[in-house]
Structure formats: C-alpha cells, structure tokens
Amino acid sequence: MTSPTHLAPAGTGPRSLRRARPRYGERAIQGLLLTAALVSVATTVGIVVSLIPPTVEFFERVSFADFLGGTEWTALFSSPQYGVLPLLSATMLITVIALVVAVPVGLGAAIYLSEYANRRVRAALKPMLEVLAGVPTVVYGFFALSFVTPRLREWWPGGTGPDFQNALAAGLVMGVMIIPTIASLSEDAMSAVPDALRDGAYALGSGRRTVSVRVVVPAALSGIVAACVLGISRAVGETMIVAIASGNQAVLSWNPLAAMQTMTGFIAQAGSGDVPVASFEYKTIFAVGALLFVITFVMNVISIRLVRKYREVYE
C-alpha cells in the first residue's frame with residue numbers, strides 16, 4: 001500500500017504554515033483601530049482630569065452634605081446657596097417624562113418594524129425614523145417653546161414659569177427626540193433573534209402577537225435594555241431643549257407644570273460667558289458637571305450588568 005507521503009509531486013517538500021510575506025495593510029488597520037480605542041479612553045481620562053481640580057476647589061468651600069442635601073441653588077446670586085437638589089430633581093423629572101413617551105413608542109415601533117412590517121415598509125420607515133435622530137436639538141427646543149408650550153397653556157392653565165415654560169413641555173419633546181435611539185437599537189436587537197425561535201413558537205400554535213411579546217422581546221432583552229439606557233443617558237445629558245423650554249428656574253418641585261432648571265441647563269447658563277473664568281461661581285460648573293458625570297457612569301455600569309445578565313447566546 002502506497003504511503004500518502006509518496007503521493008506528493010516530485011521536488012516538493014512540506015509546506016510552511018507561516019505567511020510568505022508580512023501583510024502591512026492588516027497591521028495598519030490594526031493600528032488605526034487601536035488608535036481609535038485609545039482616543040476614546042484618552043478623551044474620558046481628559047474629561048476626568050479637567051473636572052477634578054476645580055471640583056476639589058469647590059468642595060474646599062462647600063461641604064458634600066450642603067451640596068447634595070441642600071434645597072436651594074442660587075450659585076450666581078449675591079447670597080449664594082449651593083444645594084444641588086433642585087437641579088437634580090428637575091433632571092430626573094424631565095428624564096422620567098421623556099422615558100414615559102419614548103419607551104412605549106420606541107418599543108412599539110421596533111416590534112412593528114421587526115415582526116409585522118414587510119421588507120418594503122421596513123426599508124422605507126426605518127430611515128424615516130432615524131432621520132429624527134439627526135434633527136438639531138435646538139430645533140426641538142424651539143418646537144417645545146413655540147408649539148408644545150402654547151398647547152399646554154391652553155389645556156392646563158396655571159403654570160409658574162415665564163410664558164408658561166415648564167418641565168412637561170421639555171420632557172415631552174425630549175421623549176420624541178430619543179424615540180429613534182430606542183426604536184432603532186431595539187429593532188436591531190429583535191432582528192438578530194434567530195428565526196428558529198419564531199418558527200418553533202408558530203409551530204406550537206402561537207399568534208404573531210404572542211411570538212413578538214413572549215418570544216422575541218425576551219430573547220432580545222439585553223439589546224432593548226442597552227437601547228433604553230442609551231436613551232436615558234442622552235436625556236440626562238441633553239442641554240438645548242431644557243435650556244430653551246424648561247424655564248431655567250432652580251426650584252425644588254415635582255410639579256411638571258412648574259418652571260425648572262436641570263444640571264445641563266445650569267451649565268449652559270453659567271458657561272455662557274457672563275461668569276468670570278477665575279471666579280468661584282465658575283467652579284460650580286465643574287461641580288455640577290462632575291455630579292452629572294458620576295450619574296452617567298453609574299447608569300452605564302448598571303447597563304453593562306443588566307446586559308450581561310440577560311444576554312442570550314445562540315449557536
């Protein structure tokens with residue numbers, strides 16, 4: 001019986017598994033990707049480094065208890081008070097209003113695009129939905145001020161802000177702004193669910209609604225959670241809508257019809273150029289910014305834990 005080694009052509013030896021020549025293109029691409037990752041990390045480090053010195057100087061004069069527990073924020077007044085609770089409560093209230101609008105509408109749109117719409121409808125509607133994400137936020141702010149606010153003044157009289165600027169108008173329009181983020185990312189997560197799960201559910205006699213709600217949504221839960229957290233992060237960090245439509249009055253109130261000022265709204269107001277850079281009032285911007293950074297960081301950590309907990313791996 002002939003050995004397999006005798007079947008090789010004459011004059012040929014064993015082939016080397018090493019590359020014949022180095023692939024410089026792959027190394028260049030690898031270097032570019034590494035640079036992009038390092039730029040992201042360096043940007044985060046730069047933000048932290050820029051926040052720390054002014055924030056430390058701020059807390060040398062203001063205690064953590066007064067900052068986190070105080071109910072009055074008059075940092076730019078002649079008799080300043082540095083209780084950040086009014087800014088924090090306004091940020092949370094407007095974010096909750098935005099989520100009440102964005103999560104049901106965004107998930108509903110995602111379920112329709114993923115499970116009900118045919119290819120032509122999906123190809124037409126999804127780009128139209130994502131166009132909303134490219135609208136400048138200042139346009140949303142003027143829409144809230146010029147259209148939503150007058151409607152609220154007609155339906156619910158008695159607002160406390162100038163021209164009836166209020167948290168509800170800002171929250172509603174902010175919810176519309178983050179609908180494309182939640183809808184698009186959730187639809188991508190649902191579309192990634194294997195068709196075998198759908199086919200198995202249909203084979204057991206389930207209807208389309210049951211398959212969508214009880215099979216596809218739980219299977220794509222990690223992606224949906226990530227989309228919602230990203231929407232929350234964008235709502236918490238939004239500036240122009242709240243600066244234009246919420247009223248910019250730092251009051252501690254849970255009344256959505258009251259004028260309020262969020263953390264980002266105060267940063268925009270104080271950083272507009274009227275406050276001297278070397279003054280203590282200017283350092284309040286960094287203290288509020290540091291708190292906003294910590295809140296966003298904690299939300300991202302929670303998001304990562306939830307995504308890892310509910311992640312489904314399919315073969």
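Modeller: Axes here are lines fitted to C-alpha atoms, for helices over the stretch in contact, with angles running from 0 to 180 degrees between N-to-C directions. This is a predicted model, in which local features need pLDDT of at least 70 and side-chain atom pairs count only at pLDDT 80 or more, while totals for chains, interfaces and linings use all residues. Residues are numbered from 1 along each chain as its sequence is written, and side-chain values use heavy atoms, leaving out hydrogens and water.

Biologist: Happy to start with H7 and H8. At what angle do the axes of H7 and H8 cross?

Modeller: Helix H7 (residues 195-203) and H8 cross at roughly 145°, and their axes come within 10 Å. These helices are DSSP runs (H or I, at least four residues), numbered from the N terminus.

Biologist: How do you know which residues in H7 meet H8?

Modeller: By contact, which means heavy atoms within 4.5 Å. Leu197, Arg198, Ala201 and Tyr202 in H7 meet Arg208, Val211, Val215, Val216 and Ala219 in H8. By class, seven of these residues are nonpolar, none polar and two charged. Ala, Val, Leu, Ile, Met, Phe, Trp, Tyr, Cys and Pro count as nonpolar, Asp, Glu, Lys and Arg as charged, and the others, Gly among them, as polar.

Biologist: Why is H3 called roughly perpendicular to H8?

Modeller: The axes of H3 (residues 85-116) and H8 (residues 208-219) cross at roughly 110° and come within 11 Å. That makes H3 roughly perpendicular to H8, because this word covers 65 to 115 degrees. In this contact, Ile111, Glu115 and Tyr116 of H3 meet Arg208, Arg209, Ser212, Val216 and Val217 of H8. The residues are four nonpolar, one polar and three charged.

Biologist: How do you know that the 45 Å between the end C-alpha atoms of H3 agrees with its 32 residues?

Modeller: The expected span is 1.5 Å times one less than the number of residues. For the 32 residues of H3 that should be 46 Å, which agrees with the 45 Å between its end C-alpha atoms.

Biologist: Where does H3 bend?

Modeller: At Leu99, by about 25°. The bend is the angle between axes fitted to the seven residues ending there and the seven starting there.

Biologist: What makes the contact of H3 with H9?

Modeller: H3 and H9 (residues 221-236) pack at about 140°, with axes 10 Å apart. Thr91, Met92, Thr95, Leu99, Val103 and Leu107 of H3 make the contact with Ile224, Cys228, Ile232, Ala235 and Val236 of H9. These divide into nine nonpolar, two polar and no charged residues.

Conventions. Helices (H or I, at least four residues) and strands (E, at least two) are DSSP runs, numbered from the N terminus. Angles under 35 degrees count as roughly parallel, over 145 as roughly antiparallel, 65 to 115 as roughly perpendicular and the rest as oblique.
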